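This report is written for someone meeting the structure for the first time.

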Amino acid sequence: KVKNKLLQSIDSPLTYHSKRNIHGNEFEASGIFHEISFRYNCEGALEGQQDGMTFRLAEVKAEERCTENNYNTFFHGPFIIIELDNYFSGKTYVLPTHDPEAFFNWVSCKTWGSDHQGEELKFNDSSFNQAFRAISNDPNGTNILNEKFRSEIQKLGHEVYASFSGNNICL
């Protein structure tokens, strides 16, 4: 459902590359999930450009190891990396609120570094605040999640996770 909505929002031609994909280190660098992928699978990626942004979209399956022979799938679905020309000065994350325990575990496991502290962002947007939680250590965090971008995230549904770091937006 999310993948179809993402594809509908892209107006430019897409190119499928069976040999290229989103690598596990790129997935983990997004910082969206605190689990470490012990097993990671991604085969091929759609690539394109729109409005000066380059993006890659792929189906990803990431699993953490629970025991020697037991794995837990913590992510299975579409993952997109949007590369921008400009850089974010910090990190901003958006997580769905449907699992508050996961949100607080994520926040407690997140490594911000000794000189940065993330703060939860609140907006004058009750529907967004009910569906998502945002945390940021970027002084421009509230500007990054402007009204238009919050609206676009909500259109994708309540299962969306997002990160803004370096020159990438990951969904």
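Which residues are linked in a network of salt bridges? In this predicted model, the network is made up of Glu26, Arg56 and Glu83.

**Salt bridges**

The count of salt bridges comes to eight, and the table gives three pairs, with the distance between nitrogen and oxygen and the accessibility of each partner.

| Pair | N to O distance | Relative accessibility |
|---|---|---|
| Arg39 and Glu63 | 2.8 Å | Arg39 37%, Glu63 10% |
| Arg133 and Glu120 | 3.7 Å | Arg133 23%, Glu120 35% |
| Lys155 and Glu152 | 3.2 Å | Lys155 51%, Glu152 34% |

The salt bridge between Arg39 and Glu63 links distant parts of the chain, since Arg39 lies in strand E2 (residues 39–42) and Glu63 in strand E4 (residues 53–67), 24 residues apart. Arg39 counts as partly exposed at 37% relative accessibility, whereas Glu63 is buried, because its relative accessible area of 10% falls under the 20% limit.

Arg133 and Glu120 also form a salt bridge, and this pair too links distant parts of the chain, with Arg133 in strand E8 (residues 132–136) and Glu120 in strand E7 (residues 119–121), 13 residues apart. Both partners are partly exposed, Arg133 at 23% and Glu120 at 35%.

The pair formed by Lys155 and Glu152 lies within helix H6 (residues 147–156), where the two residues are three apart and so are separated by about one helical turn. Lys155 counts as exposed, because its 51% relative accessibility is over the 50% limit, while Glu152 at 34% counts as partly exposed.

**Strand E8 and its partners**

Strand E8 is mostly covered, four of its five residues being buried. Strand E6 (residues 92–96) pairs with E8 in the antiparallel sense over five bridges, and within this pairing Val94 stands opposite Ala134. E7 likewise runs antiparallel to E8, joined to that strand by three bridges; here Glu120 has Ile135 as its bridge partner, while the side chain of Glu120 takes part in the salt bridge with Arg133.

In soluble globular proteins, nonpolar side chains tend to be buried together. The largest nonpolar core in this model has 22 residues, and those with the most contacts inside it are Val94, Leu145, Phe164 and Leu171. The elements that give two or more residues to this core include E4, E8, H6 and strand E9 (162–165). A second, separate core has 14 residues, among them Phe75, Phe79, Ile81 and Cys170.

Leaving aside residues up to four places away in sequence, Phe164 touches several residues, including Phe88, Val94, Ile144, Leu145, Phe149 and Ile169.

Which residues of H6 are buried? They are Arg150, Ile153 and Leu156, and because they cover an arc of only 115° around the axis, they lie on the same side of H6. On the other side of the helix, Glu147, Lys148 and Lys155 are exposed, and Lys155 is also the partner of Glu152 in a salt bridge.

At the start of H6, a side-chain oxygen of Asn146 reaches to within 3.1 Å of the backbone nitrogen of Lys148. The residue that follows H6 is Gly157, which has a positive phi, near 115°.

Key: Residues are numbered from 1 along each chain as its sequence is written. This is a predicted model: local features need pLDDT of at least 70, side-chain atom pairs count only at pLDDT 80 or more; totals for chains, interfaces and linings use all residues. Side-chain values use heavy atoms; hydrogens and water are left out. A salt bridge is a side-chain nitrogen of Lys or Arg within 4 Å of a carboxyl oxygen of Asp or Glu. Buried means under 20% relative accessible area, exposed over 50%, partly exposed in between (1.4 Å probe, protein chains only). Two strands pair if DSSP finds at least two bridges between them. A nonpolar core is a set of buried Ala, Val, Leu, Ile, Met, Phe, Trp, Tyr and Cys residues joined through side-chain atoms within 4.5 Å. Contact means heavy atoms within 4.5 Å. The arc is that of the directions from the helix axis to the C-beta atoms. A polar contact is a pair of N or O atoms within 3.5 Å; within protein, one must be able to donate a hydrogen and the other to accept it, and residues adjacent in sequence count only if both atoms are side-chain atoms.
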